[in-house]
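I opened this notebook to keep track of what I looked up, entry by entry. The sequence and structure come first, and my notes follow.

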Amino acid sequence: MLNNTPCVVLEGSGRLADVIAQVASLPVSKVTLVLINQLLKRFFAQEYKTFSEVQIIEWTKKIQDIIRMAHLLTVFRFDEEKNSDVDVAILQALLKASRSEDSTGRQSWERQLELAVAWNRVDIAESEIFTEESQWTSSDLHPAMFSALVGDKPEFVRLLLENGVCVQQFLEHEDRLCELYAHLPACFFTRKLVKRVQVRRGQPPAPGSKNISLTHVSEEVRHLLGSFTQHLYAPPRQKTTKDDVSLSLPSKGSVELPCSGAEWIAETVWDPGRDLFLWAVVQNNRELAEIGWEQCRDCIAAALAASKILRKLAQESGEHDGEEAKDMRGHADHYETQAIGVFSECHAWDPQRAQKLIIRISPSWGRCTSLWLALEADDKRFIAHSGVQALLTQIWCGELSVDNPYWKILLCMILFPLIYTGFLTFRRDEDIQREAEKTEQQKLALGSGYTDSKIKHRLRSSQNSALSPLNCGSRFTSFFNSPQVKFYWNIAAYFGFLWLFAVVLMIDFQTFPSWRELLLYIWLGSLVCEEVRQLYHDFDGSGFRKKAKMYIKDVWNILDVLSIVLFISGLVCRLQGSSAVFYVGKILLCIDFIIFCLRLMAIFTISRTLGPKIIIVRRMMMDLFIFMFLLSIWVVAYGVAKQGILIQNEERLDWIIRGAVYEPYLIIFGNIPTNIDNTQFDMNSCSVNASDPMKPKCPVLNDENVPAFPEWLTIILLCVYLLFANILLLNLLIAILSYTFQEVQDNTDTIWKFQRYELIKEYHSRPALPPPFILISHLIIFIKGVLLRTPPQKHKHFRRELEKTEEEELLSWEALMKDNYLSSARQEESQSTEHRIQDTAEKVGAMSELLEREQEMVSSTMAKRLDKLEDQVSESTKALRWIVDALKSQGYKSKLEPPLLTGRSFDRDDGDSSGQETEDEAPHTFARQLQYPGSNVTRFPVPEEKVSWETNFTPYLPPVYSQQESDNSSDASVLDKYRNPGGRTGIRGKGALKSLGLNQKIHPILTRWRDAEKATLEFLAVWKDAEKCWCLPGGQVKANEPLSQTLERILGKKLNERIKSELQAAEQVYKGYVDDSRNTDNAWLEVTIITLHLDKHSPVMSQINSIVESMSSSLQPLQWQEVSSKTCACPYQREALRLIAQRHKTDF
């Protein structure tokens, strides 16, 4: 504690700690030898008997010194009800010490903040560190922010953000982000990242390797998001070194930053909010990611990207039911909910801008759209949102209005001249109508007498930029290019194809193909060309490999390929000359017709009525296949057993399959066999030796030509089989299908809306002509793409790149909507029942704590008042005794005996004295420090009650010490002539002072104001090598030396001459005894403090400044220093500066 180290005393830990805890709240004057004696006896028990009187005196002195340093002492009391922690007490002790006069300023506060972060004590930091007095900058909090992020302390991260941390400044340099990724905790993403680093360097993966660059992070994140995205951090152009990278940021100009990896190009977007959010998402840290998401500007795309990343990580983890995978999927659902919440808020305010948000190309997330991220992440609930569905419906209708009924569109498809009559409504017509209404409102505003020129100019400009109606050619093109119209034409064409196919199979399947059959082949060829176009058409820029994988994953595409392959196989067989092969070809084509009819279901998935039912049928078919596996076990088991019991050595394969599989399967539908019952046996229905290929083989017969098999066994087997197959398994199938129906029915609308996108996208990119006329469109596409190398047309309805100004406005509006959503979510949470119960519990706890604290304050106040009253009674007793003694000395007597007056201050016996001080001021403390400065001598411990010479102190045997030995400096008779007026010090002799007795010293202090506002007061200081600090100028006062000579000796001849005329205005601040650590029982220091305030702009001041500059290289340089408690090391000099600051009414 003498070195300013805070101390925490644990009350209840026993021995001396309990002694200190008992007296810590008392004033030093009340910590007496008697009290310490009692406490030592109480807490040391038997060991107390071994203590000497000097030891007890020494401990009393040390305990008094400890209590005097209250800013470094903290007593921790265990309280089960309050559940206090020791770390809180330690942290509070450090914070209390940092606020003391001896604190080291900002560095101390930063150390305390780091300690609070390490212990994760947000409450202490919020109440003790981030106060109104503390002023923090963002850079000051960066180390604490890094520690809080790496240490997974989300509450601290939020607190730091609230108190000034700027994410843009925190992640301004990419090396900070590299360091964050290097400190990622152990998770699945970290393992993948380390593996990628090792594989890229051609080394085997080494666990624990952390040499990671943003190149590796970018590659891994792009793998998780999908190949349709670009790198979030620009990939390297060329390799410079193996471990060093020159990184170029596109943020605020080009900045060269060190990192590990390779040379970078400035093509990516600098987005610190996204970087922080992504860093938290990949480690599956929901709380930190929530904070990072709040810092993101493009929050909808960020939430959907997080959902995609986490679903991909859960899929690749290989543990479908593992805890980590479940957490990832749960967090992915949470981010999807966040995206839906913000988008709902946006759509409620402005549907048009909200739709623009989800089709906007996001530079921060690899130049992909929010819509595509939601589709890739399989976020069905987001796609099913009414705002997203409204956008898809708008794309589905094309340039047509979404309000057009179906019958009008179908009628215009037949009678297309109706599109020129206004029979159909186009979106351009609706836009023109809205513009007209807006113009009318502006005219009404102008017609009310307001004739502002700016509004008139805006009205004229809006009229000039008004939309023009579609012409005839545009109406025709817009109508037939609408995905909805394309869909209707393709439905009609597909029904025509099926009708033609059926006619050929049933009526016109000749040896030589007829014109109908040739038309069918051409029609099928157009379908094949369209499938090839869909396979190679890169709608979203994901690449051919990605497109091929997506094509194969679609069940309907598999049916398309299967139907085409079967048709080609049937066509090859049909063209053969052999009649048998010709018939096989027809069979294949008939089977192919079934597949083409099943393919018809995919077309009607767009229907709101049929689409959900088709989804239910697909899910039930999957359940049916599982059921058929269970059923086949019973069918084969019963069929083989029955066949083996009834028939002996059947060698015909077709009759074996019929008896072992086909007949048991028919039993389920009620076709009970007759050959298992002897009463129904007919010899004519079977063949004895299997000689008749059209009859089954007869059962084993006895000599009477009667079946010899055990009839009772076959009947029992049939009953058991019917019980399990007809009753158990069929009812199980019904239950499974019912469960599937109920499960899918609840989510059917969502699933249908999600799958609706693929059909809309398909028909949006499909040529306008239906099969077989679509071959013309394919020919045009081939000429443009292959021969003319024309770049493909971009689909602006699904992807739109905004201008920088428009994008900034849109993102600012999205951020505002995000804040609205978060505030409403918090409000809903606060109004929930659970939150209300928790809030009520917290209020009750706080109220009970306040009541306890109030009770403690009342009891402590009462104790203080009683102590004060006791002191007053003691003083009254002493006064009455003095009056009695005075009256007796004058000869006054009373007939009655005087009452016995007692007081604590008069009980001065050696053993029982409480030593209560009668002086108003406390005795000197620095003069009683146990270690004498500049030596190895230890003072005799002097408790505060034994300082006064009038107090009996028999054990007092101080050592004698004189730094400069003289003839009589150790002579006891000489020393007894000099007695320190401040009392005992614990050491005799001269010590470090010049002479015995009084040592006088004078300090002339020159002051000035640093600025015109008089905010900072300065004094002229001199550097002392012994103390290693700036001190007050001063020196020893010699006997019979005039004051002028003394000042000249102290200040120097030049400086003294400059201020000689001004010294008459000097004021004496203090004169008398000072509490100095060099004082002894026989030598002490008395100082005289005088001050002279000078005008900064006076001629004298300029001359003084010249002298100060000339002495800058001397052994004792001069310098103007601020009047502050941290300037001087000597206590009495600090007190002198405090008095001067008080005179000038400035802060100290």
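At roughly what angle do the axes of helix α25 and α33 cross? I found that the axes of α25 (residues 483-506) and α33 come within 8 Å and cross at roughly 90 degrees, where axes are lines fitted to C-alpha atoms, for helices over the stretch in contact, and angles run from 0 to 180 degrees between N-to-C directions. That makes α25 roughly perpendicular to α33, a word I keep for angles of 65 to 115 degrees. Helices here are DSSP runs (H or I, at least four residues) and strands likewise (E, at least two), numbered from the N terminus. In contact terms (heavy atoms within 4.5 Å), Pro483, Lys486, Phe487 and Asn490 of α25 meet Leu759, Tyr763 and His764 of α33.

I noted that this is a predicted model, in which local features need pLDDT of at least 70 and side-chain atom pairs count only at pLDDT 80 or more, while totals for chains, interfaces and linings use all residues. Residues are numbered from 1 along each chain as its sequence is written, and side-chain values use heavy atoms, with hydrogens and water left out.

Next I looked at helix α1 (residues 16-23), where 6 of the 8 residues are buried, that is, under 20% relative accessible area, with exposed meaning over 50% and partly exposed in between (1.4 Å probe, protein chains only). The buried residues are Ala17, Asp18, Val19, Ile20, Ala21 and Val23, and they pack against β1 (7-11), α2 (33-44), α3 (53-68) and β2 (73-77).

I then turned to salt bridges (a side-chain nitrogen of Lys or Arg within 4 Å of a carboxyl oxygen of Asp or Glu), and the count came to 39. In one of them, Glu47 pairs with Arg15, the closest N and O atoms being 2.7 Å apart. Glu47 lies in the loop between α2 and α3 and Arg15 in the loop between β1 and α1, so the pair ties together parts that are 32 residues apart in sequence. Glu47 is partly exposed at 33% relative accessibility, and Arg15 is partly exposed at 44%.

Another salt bridge joins Lys192 and Glu220 at 3.1 Å, N to O, linking helix α11 (residues 188-200) to helix α12 (residues 214-225) across 28 residues. Here I found Lys192 buried at 17% relative accessible area and Glu220 buried at 2%.

Key: Parallel < 35°, antiparallel > 145°, perpendicular 65-115°, else oblique.
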